[in-house]
Amino acid sequence: MDMDPPTQRPLFIVGTGRCGSTLLSEMIRLHPRLLSVSEWFTVLGERRALEDERVDAGTFWDTLTVPTKDSAVLLARFPELAELRVPQQLLARNDGSGIAPVLLVPIPHLDSRPEEALRELSAHIQSLARRRWSEWHVAAFSFLVRRYGRTLWVERSGGSLAYAEALGRLWSNARYLHIHREGVACAQSMYKHPYFQVRVARATARAPLPVDECLSNRLPIEQFGAYWSAVITRGLGVLRRCAPGDVLHLSYEKLLADPRGVLRRMQRFVEGPREEIGR
């Protein structure tokens, strides 16, 4: 049955990566009205997820459930990566062909029984008519909002500031929570993280290098600083074109020092002046 999604403007958390966005999405997950959709575009692969042609339900479902080569290789090499939420029983059953992308982080982030949630999402998606990619994503988020009894969804993918322009192209009425962190700290953290080792290697080469090649050719830490600088410069240029009330900038350092104050600002931005978070 094709149900109308809850009325809301798309809301994205964006950042350079290694900037505190994971912490923020974990906090949002505890909010009784907000649905925290974590790493949706990361696990799907933003290149294939941020198209906007019209496709049928089967094509969209394949994107959610057919592993990408990158995710399969990274999961095989780093099964204990802190960001992953794959249940142990699912890892034990993995035959090497990979695990459905949305079972790597997004659905386990919400549910202790992710395969059951995935079956329900499948039934809903398969009932819907052909539509654009952007509409498919919203249909999935809206279904999850209803399933978990929430009011609004907030999508957060690590490093998404790098493709903020694509988000704005697909959702011209989107709003953004931009979380930022001091550049040196970001670069140092990226340097140690396999996902960003791959991302920065490809950005430097300007080519889709294989994962193994990216990980074996360790770049100097200065290259990670240059990547951070390029992403923050380009991303802020995109956000400056938004209406002033559509972007809220949040400091990771201030979130640690004054979590209640920062979360109150975020709550007012997301929901308006309702009850205060943490009261």
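This is a predicted model: local features need pLDDT of at least 70, side-chain atom pairs count only at pLDDT 80 or more; totals for chains, interfaces and linings use all residues.
Local features require pLDDT of at least 70 and side-chain atom pairs pLDDT 80 or more, whereas totals for chains, interfaces and linings use all residues. Residues are numbered from 1 along each chain as its sequence is written, and side-chain values use heavy atoms, without hydrogens and water.

Helix H10 (residues 183-192) and helix H13 (residues 221-240) have axes that come within 8 Å and cross at roughly 125°. H10 is therefore oblique to H13, a class left after angles under 35 degrees (roughly parallel), over 145 (roughly antiparallel) and 65 to 115 (roughly perpendicular). From H10, Gly183, Cys186, Ala187, Gln188, Met190 and Tyr191 meet Ile221, Phe224, Gly225, Tyr227 and Trp228 of H13, contact meaning heavy atoms within 4.5 Å.

The whole structure holds 11 aromatic pairs, counted where ring centres of Phe, Tyr and Trp (its six-membered ring) lie within 6.5 Å, with planes under 30 degrees apart stacked, over 60 edge-to-face and the rest tilted. The pair of Phe41 and Trp171 is tilted, because the centres are 6.1 Å apart and the planes stand at 45°. Phe41 belongs to helix H2 (residues 40-44) and Trp171 to the loop between helix H9 (164-170) and strand S6 (175-180), so this pair ties together parts 130 residues apart in sequence. Both Phe41 and Trp171 are buried (under 20% relative accessible area, 1.4 Å probe, protein chains only). Tyr195 and Phe196, with centres 5.0 Å apart and planes at 90°, form an edge-to-face pair; Tyr195 and Phe196 are likewise buried.

Ring pairs also join Phe12, Trp40, Phe41, Phe141, Trp153, Trp171 and Tyr176 into a cluster.

Terms used: Axes are lines fitted to C-alpha atoms, for helices over the stretch in contact, and angles run from 0 to 180 degrees between N-to-C directions. Helices (H or I, at least four residues) and strands (E, at least two) are DSSP runs, numbered from the N terminus. Buried means under 20% relative accessible area, exposed over 50%, partly exposed in between (1.4 Å probe, protein chains only).
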